[in-house]
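Q: I have a model open on my screen and would like to learn how to read it. Could you take me through it feature by feature?

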Amino acid sequence: MDTYAILCAAIQSRQLVAFYYTGDSVPGDRLVEPFMIAFNETDTLVLSSWLLGGTSKSQKGQGWREYFLASITNLTVLPEQFSGIRPGYNPHPVKKFHNVQCAV
């Protein structure tokens, strides 16, 4: 399966994912709760997720992050599941994201 299919399956089953990300100035491992795959303002396919741990360009700790699907490698779906919806999650975005592909 490709990254897109693996992430959509993880979103549907609410499983944590780990991956290596190269899409910003601080490449490294990420551990996230995946919530949505959609197109952003520049029509790029992105993963919207809650960062639990790993490298972060902002260094602000846990919180919402977006990752370009094309910059995700070494993707692993973990057996741990996440339960709740995080503050600020909108499964029907209209400004930042469009053409939602899969979502919690």
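This is a predicted model: local features need pLDDT of at least 70, side-chain atom pairs count only at pLDDT 80 or more; totals for chains, interfaces and linings use all residues.

A: Residues are numbered from 1 along each chain as its sequence is written, and side-chain values use heavy atoms, with hydrogens and water left out.

Q: How many disulfides does the structure hold?

A: A disulfide is a covalent bond between the sulfur atoms of two cysteines. The criterion here is a pair of cysteine sulfur atoms within 2.5 Å. The structure holds one: C8 and C102, with sulfur atoms 2.1 Å apart. The torsion about their S-S bond is about -80°, so this disulfide is left-handed.

Q: Are C8 and C102 buried or exposed?

A: Buried means under 20% relative accessible area, exposed means over 50%, and partly exposed is in between (1.4 Å probe, protein chains only). Both C8 and C102 are buried.

Q: How many salt bridges are there?

A: A salt bridge is a side-chain nitrogen of Lys or Arg within 4 Å of a carboxyl oxygen of Asp or Glu. The structure holds three. In one, D24 meets R30 at 3.1 Å, N to O; D24 is partly exposed at 23%, while R30 is buried at 3%. Another pairs R86 with E33 at 2.9 Å. R86 sits in the loop between β5 and β6 and E33 in strand β2, so that pair ties together parts 53 residues apart in sequence. K96 forms a salt bridge with E66, their closest N and O atoms being 3.0 Å apart. That pair links the loop between β5 and β6 to strand β4, 30 residues apart.

Q: What about R65, which is buried yet has no salt bridge?

A: For charges, Lys and Arg count as positive and Asp and Glu as negative; His and the chain ends are not counted. R65 is found in strand β4 (residues 63–68), and the nearest side chain of opposite charge, D24, is 7.5 Å away. A polar atom of the R65 side chain does lie 2.7 Å from the backbone oxygen of G61.

Q: Which residues touch the most other members of the largest nonpolar core?

A: A nonpolar core is a set of buried Ala, Val, Leu, Ile, Met, Phe, Trp, Tyr and Cys residues joined through side-chain atoms within 4.5 Å. The largest one has 16 residues, and L7, F19, I37, L47, Y67 and I72 touch the most other members. Helix α1 gives the most to this core, with four residues. A second, separate core of nine residues includes W50, F82, Y89 and F97.

Q: What is there to notice about the phi of N74?

A: Phi of N74 is near 50°, a positive value in a residue other than glycine. N74 is in strand β5 (residues 72–81) and is exposed, with a relative accessible area of 63%. N99, in strand β6 (residues 98–103), also has a positive phi near 50°.

Technical notes:
Helices (H or I, at least four residues) and strands (E, at least two) are DSSP runs, numbered from the N terminus. A polar contact is a pair of N or O atoms within 3.5 Å; within protein, one must be able to donate a hydrogen and the other to accept it, and residues adjacent in sequence count only if both atoms are side-chain atoms.
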